[in-house]
Amino acid sequence: MQPELKKGTAEVLILSLLEQRPRHGYEIAKLIEKRSEGVLEFHVASLYPMLYRLERRGWIEGRWLEKAGQRRRRFYKLTTAGRRALPEERKNWREFIRAIERVAQVGNA
Amino acid sequence: MREGKPIDWKQYVRQRLPALGLSGAREQEIVEELAQQLDGAYSEALARGESVAEAEGRAAAQIPNWASLALEIRRAEQPLAEKIAATVPENWREAMREENLRKRRGGNMFADLFQDVQYALRMLRKSPGFAALVVLTLALGIGANSTIFSVINGVLLRPLPYSEPEQLVRVLESNPRKGWPTFSVSPPNFLDWRAQAHSFAGLAATENNAYTYTGGDVPERWTGPQVTEGFFETLRVQPELGRLFIPDEFQAGKNHVVVISDALWHSAFAGDPAAIGRSVSLDGQSYTVIGVMGPSFRFPNPATQVWAPLAFSPNELQNARGAHFLGDIARLGPGVSVAQAQSEMAAIAERLEKQYPVSNSGWTVAIVPLSEGGGVAQIRPALLVLLGAVGFVLLIACANAANMLLARATVRHREIAIRLALGAGRARVVRQLLTESVVLSFAGAALGLLIAFWSTRVIAALPPRFLPRAQMVSVDGRVLFFTLALALVTGILFGLAPALTLGREDLAGALKDGGRAGAARGGLRKLLVVAEVMLAFVLLSGAGLLVRSFTHLTSVDLGLQTAGRYAFDLSAPQTRYPTPQKQLEFFNQVQQRVAALPGVDSSALVSLIPISGDDEMYEVALAGQPSSESNPSALSYRVTPGFLRTMGIRLLAGRDFTTADDLTAPHVCIINDVFARAMFPGRDPIGQKIQFGHQFNIVREIVGVAGYVNQYGPAEEKSLQVYEPFAQFPRTDMSVILRTSGSGAGLAAAARVAVREVDPQQAVIGFRSFDELVSESVSLPRFRTVLLGLFAGLAALLAAAGLYGVMSYTVTQQTQEIGIRMALGAQPSQILRLIVSRGMGLVAAGVALGLAGALILTRVMQSFTAFLFGVKPNDPVTLVGVTILFALVAATACWLPAWRASRVDPLVALRYE
C-alpha cells in the first residue's frame with residue numbers, strides 16, 4: 001500500500017501541474033518541491049518513471065521542443081484523456097484521504 | 001553563470017544507468033532527459049554560489065540508486081508490466097466507486113444488478129476488440145437460432161389467421177387399402193356427410209378452378225376455387241368491401257358472381273372501390289364482382305385470387321360418387337375433438353360403403369387439422385433437424401465465447417484478486433462475471449435479431465412449394481421472447497465456467513503471478529475445443545450425408561431430356577369450343593404455329609407434364625376383365641405424335657403414334673416398361689389389349705413400349721404409365737411442349753403471339769422450362785441441404801476459430817519453452833511439428849467423439865422419411881471425407897500459430913515473461 005499511496009500522490013500532483021501549461025521534467029521536479037514547501041521532496045528516481053508511466057497510459061504526452069539558443073527539452077503536456085481523468089483522480093484522492101482520516105480517528109478513540 | 005569544469009552529463013548517466021532493454025532511440029531520449037535533470041541541479045547549485053564539488057554532489061544525490069531507477073523505468077516502459085500496474089490504482093477506484101454506489105442505493109437486488117451491468121459495460125468498453133469478437137460469435141449462433149425458430153414459429157406454431165383456428169379441419173376421403181392416406185372428396189359423398197354429420201359447426205366444399213380473364217390488355221389467368229354454401233361462414237371471415245354470396249347465388253344460372261382477393265383487386269382494378277358491381281369476362285362469360293376480401297385471406301392457398309359459388313350439376317350428384325375432385329373445410333362444433341369427429345365420420349363412411357359398394361368400398365374418412373395441411377407435415381422433420389443443427393452451432397459459439405473469456409481471465413485474474421482482497425464475496429464476484437457474459441450475449445442477441453430480421457424476410461419470400469406457409473415467417477413477439485431467453489441461457493452457459501474458475505482465484509498467488517496462472521484454465525479450454533470439434537464434426541457429417549443424397553437425387557435418370565425443353569398450359573374453354581372436334585382443331589393450330597416459330601426444333605401437346613408432380617391416374621385392366629378395386633392404376637398422358645421424341649423419352653418397342661391414329665381409327669396406346677413388366681411378364685405386350693379408366697369401356701391396343709419417366713421427382717416409386725393419342729381423346733386443357741436448340745430467350749413472347757393469332761381470348765399460362773420443373777421437384781431436399789450445409793459450414797468455421805484461439809494461446813504460454821528448445825538447437829520445422837501435433841491431438845479426440853455422435857445422429861436422420869436417398873447413415877465416403885476436410889481445416893488453424901512460434905527469436909522467447 002505504501003508505494004501505491006506515493007504513486008497516487010505523485011500522479012495527481014504531476015497532472016495538476018501540467019493542467020496549466022506544458023512543462024519539462026526538471027521544472028516539474030522543482031515545482032513539486034516548491035509548492036509543498038519542501039515537505040514533498042521526492043526523488044528523480046520516482047519522477048521520471050512516473051512520467052513515462054503516465055505517458056504510456058496516454059494521460060500526458062512528451063515532446064522535444066527547441067527554443068532559440070537553448071538545447072532541446074522534453075516538454076510534457078496533458079492529453080485530452082488526462083484532462084478528463086484529472087477531476088476523478090482528485091476526487092478519488094480526496095475520498096481516499098478522508099477514509100484514511102476516519103480510520104486514523106477510529107484508531108485513536 | 002560561473003565557469004565550471006564542463007561535465008558531459010549524458011556520458012555520466014550512460015555510465016551509471018543499467019541497460020533498459022528498450023529501443024536504442026528511446027534509451028537515448030531517457031538518457032538525455034535524465035542528463036538534463038542532473039545538469040539542472042548542478043547548474044543551479046553553481047548559480048547559488050556552491051563549489052563545483054558541492055554542485056556535483058547535488059547532482060549525484062538526485063539519483064541515489066541507479067539500479068532501482070532502471071527497474072522503475074523498465075516497468076513503466078514495458079506495456080505488459082504497465083498494464084498490470086495500471087489495473088491496481090484503477091481497481092482501487094472501481095472498488096471505492098462500488099462501495100459508494102452500494103451505500104447510496106441501499107444494496108437491494110435491483111440496484112446491485114444495475115450496478116453490475118454498469119460495471120460490466122465499463123469493463124467491456126475497456127476492451128472493445130475482445131467484446132466485438134465475442135458479440136459477433138454469439139450473434140452468428142443466436143441469429144441462426146432465431147431464424148430457424150422464426151420459421152418453426154411461422155410454419156408449425158403460429159395459429160392460422162382465422163377465428164379459433166384450432167377448430168378448423170379438412171375432412172378428406174381416405175383409402176388405406178390403396179395406400180392413399182388422404183384423397184379428394186366426391187360430391188355425393190360430401191353432400192351425404194353434410195346431411196348426416198353432427199360433429200361440425202360448418203362444412204363446405206371447394207373445387208379448384210381457373211378462368212381466362214379477357215378484360216385487360218392481354219388475356220390473364222385467374223385462379224381460385226368455386227365454393228359451396230357456408231364456405232366463408234365456416235372460416236368466419238367477412239369481406240373488406242362489398243358482400244359475400246347469398247343462398248340464391250348457389251343455384252345454377254344465378255352463380256355468375258365472384259368475390260376477389262385484395263391482391264387481384266389492386267392488380268386488375270387498381271384498388272378502385274367501384275370494382276364492386278363491375279362485370280368481368282371470365283372464359284368468355286360475364287361475371288359480377290360482388291366483394292373484395294382482406295389482404296390476409298388467401299384460402300385455400302396463397303395463389304388464390306377469386307372465389308365463385310359452386311353449384312353441382314345433376315350429373316355430378318347422381319353418377320359421380322367415384323369421382324374425387326373436391327377439397328373442403330370444416331369447423332368442429334363446440335367441444336368436439338378431432339377424435340370424436342373422426343369416429344362419427346368413420347361410422348358414416350361405413351354406412352355409405354354398404355350402401356354404395358361399387359364406388360365406396362375401401363373408402364373411409366380422414367380428418368386432418370388445417371394446421372397440418374399444405375405440406376406442413378412433410379417439412380416438420382426437416383425443420384426439427386435444422387433446429388437441432390442451429391442448437392449445435394450455438395453450443396459451439398458458446399464454447400468459443402467461453403474460450404475467449406478464459407483467455408481474458410489471464411488479464412482479469414489480478415483485478416478479481418484485488419476485489420476479493422477488498423472484501424467482495426466470492427458469490428458477488430461470480431455474479432458480476434456472469435453479468436458481464438450475459439451483457440455480452442444480449443449484445444450478441446441484438447445483432448442476431450438483425451440477422452434474423454434479414455433472413456426471415458428472405459425466407460418469407462420463398463414460394464409455397466419450397467416452404468409451406470412461408471409468408472407466415474417473421475420476427476414476432478414470440479421470436480423476440482425466444483431470443484431473449486436464449487440470450488440469457490447463452491450468457492450463463494458460456495460465462496459459468498470462466499466465472500467459477502476466476503471466482504476461485506487464489507489471492508496470494510494471483511497477486512504474485514505476472515499473468516501466467518491457470519493450468520486448470522488451459523485444461524478447460526482444451527476440453528471446450530474437443531467439444532467444439534465433436535459438435536462440428538457431427539453437423540458436417542449430417543450435412544455431408546444430405547449433400548450426398550442430394551447429388552444422388554439430382555443424378556437420377558429421369559427418363560427424359562430436359563435441356564432446351566419448355567412447356568406452357570393452354571385452355572380451349574367449352575363455351576368457345578363446345579365440341580371435341582373444335583377443341584382438337586384449336587390445339588392443333590396452336591401447336592403448328594408454335595412448331596413453326598424460329599428456333600423451335602419440335603413441339604407436341606400433352607395432357608400431363610412429366611416431372612411436374614401433378615397427376616392424373618386411372619384404373620387399368622386387361623381387355624375383358626371387369627372394373628375392380630383391386631385393379632392397378634396408371635398415370636394417363638394424352639399426347640400428339642412426336643411427343644416422345646420431343647421429350648427425349650425412349651421408345652423401347654413398337655411404334656409412336658401417327659396422324660392416322662385419329663377419331664376414326666382403332667384406339668391405340670403406348671405403355672411404359674414398368675407397365676409391361678407388371679402386366680405382361682415374359683410376354684410381348686405389343687398387340688395386347690387393355691381397358692383404361694377415363695373411358696373404361698373402350699378397348700385399346702398396345703402399339704409401343706416407352707421408357708419409364710419420372711412424374712413426381714427423382715425419389716418417387718415407379719408407377720405404371722399409359723400414353724394415348726390426343727386425337728382419339730380430345731379435352732379442353734392441354735400443355736404445349738417445345739424443344740429448342742437455342743437459348744429459349746424470347747420464346748415465351750413468341751408463343752404468346754402464336755396463341756393470340758389463333759385466338760386472342762386465350763392466355764399462355766405458366767411458361768416454364770423443364771430445368772425449372774426438375775429443380776422444383778427437388779426443392780425440399782435442396783432447402784434442407786443448403787440450410788444444413790450452411791449451418792455445418794458455420795459450425796466448422798467457429799470450431800476452427802476456437803481451435804486457432806486455443807493454439808495461439810498455448811503457443812504464447814509456451815514461448816519460453818520454445819525459446820529453450822531453439823536455443824538448444826531445435827529447428828523451426830521441428831517446433832512447427834511439435835506445436836501442430838499438440839493441436840491435432842485435440843482435433844483427433846474431437847473427431848473420434850464426433851464420429852460416434854455422427855453415427856447415432858445420422859441414424860435418427862434416416863428414420864425421417866425421404867431424408868437420405870441412396871446413402872446409408874454410416875456412408876464411409878461421407879465420414880472419411882468429413883474427417884479429411886476437418887483435418888485440413890484444423891491443421892491450418894494449428895499451423896498458423898505454430899508457424900509464428902517457429903519464427904520466434906530464441907533470445908526474445910527466453911526473456912518473455
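Modeller: Two strands pair if DSSP finds at least two bridges between them, and strands (E, at least two residues) and helices (H or I, at least four) are DSSP runs numbered from the N terminus. This is a predicted model, where local features need pLDDT of at least 70 and side-chain atom pairs 80 or more, while totals for chains, interfaces and linings use all residues. Residues count from 1 along each chain as its sequence is written, with chains lettered from A and ligands numbered from 1 in the order written.

Colleague: Let's start with chain A. Which residue in E3(A) is the bridge partner of A:Leu65?

Modeller: Look at strand E2 (60-65) of chain A, one of the edge strands, along with strand E1 (23-24). E2(A) runs antiparallel to strand E3 (residues 73-78) of chain A, and six bridges join them. In E3(A), A:Leu65 has as its bridge partner A:Arg73.

Colleague: In what order do the three strands of that open sheet come?

Modeller: E1(A) and E2(A) are the edge strands, each pairing on one side only. The sheet is open and its pairing antiparallel, so to speak of its order is to write E1-E3-E2.

Colleague: Which helix packs on the sheet?

Modeller: The helix touches E2 and E3 of chain A. Its direction makes about 110 degrees with that of E2(A); axes are lines fitted to C-alpha atoms, for helices over the stretch in contact, and angles run from 0 to 180 degrees between N-to-C directions. It is helix H3 (residues 44-57) of chain A.

Colleague: Now between the chains: what do you call the way H2(A) lies to H2(B)?

Modeller: Helix H2 (residues 25-35) of chain A packs against H2(B) with axes 9 Å apart and an angle of about 50 degrees. Under 35 degrees counts as roughly parallel, over 145 as roughly antiparallel, 65 to 115 as roughly perpendicular, and the rest as oblique. That makes the arrangement of H2(A) to H2(B) oblique.

Colleague: Is B:Glu44 buried or partly exposed?

Modeller: B:Glu44 sits in helix H2 (residues 24-47) of chain B, with its C-alpha atom 9.6 Å from that of B:Ala59, 15 residues away along the chain. Buried takes 20 or more other C-beta atoms (placed from the backbone) within 10 Å of a residue's own, exposed 12 or fewer, and partly exposed lies in between. B:Glu44 has 15 such atoms within 10 Å, so B:Glu44 is partly exposed.

Colleague: What share of chain B counts as buried?

Modeller: Chain B has 28 helices and 24 strands. Among its contacts between residues at least 6 apart in sequence, 82% join residues at least 24 apart. Of the 913 residues of chain B, the buried share is 42%.

Colleague: How many residues lie between E4(B) and E5(B) in their hairpin?

Modeller: Strand E4 (residues 210-213) of chain B is covered on both faces, with B:Ala210 and B:Thr212 buried on one side and B:Tyr211 and B:Tyr213 on the other. Four bridges pair E4(B) with strand E5 (residues 220-223) of chain B in the antiparallel sense, and B:Thr212 is partnered with B:Arg221. The number of residues between the two strands is six.

Key
Contact = placed C-beta atoms within 7 Å.
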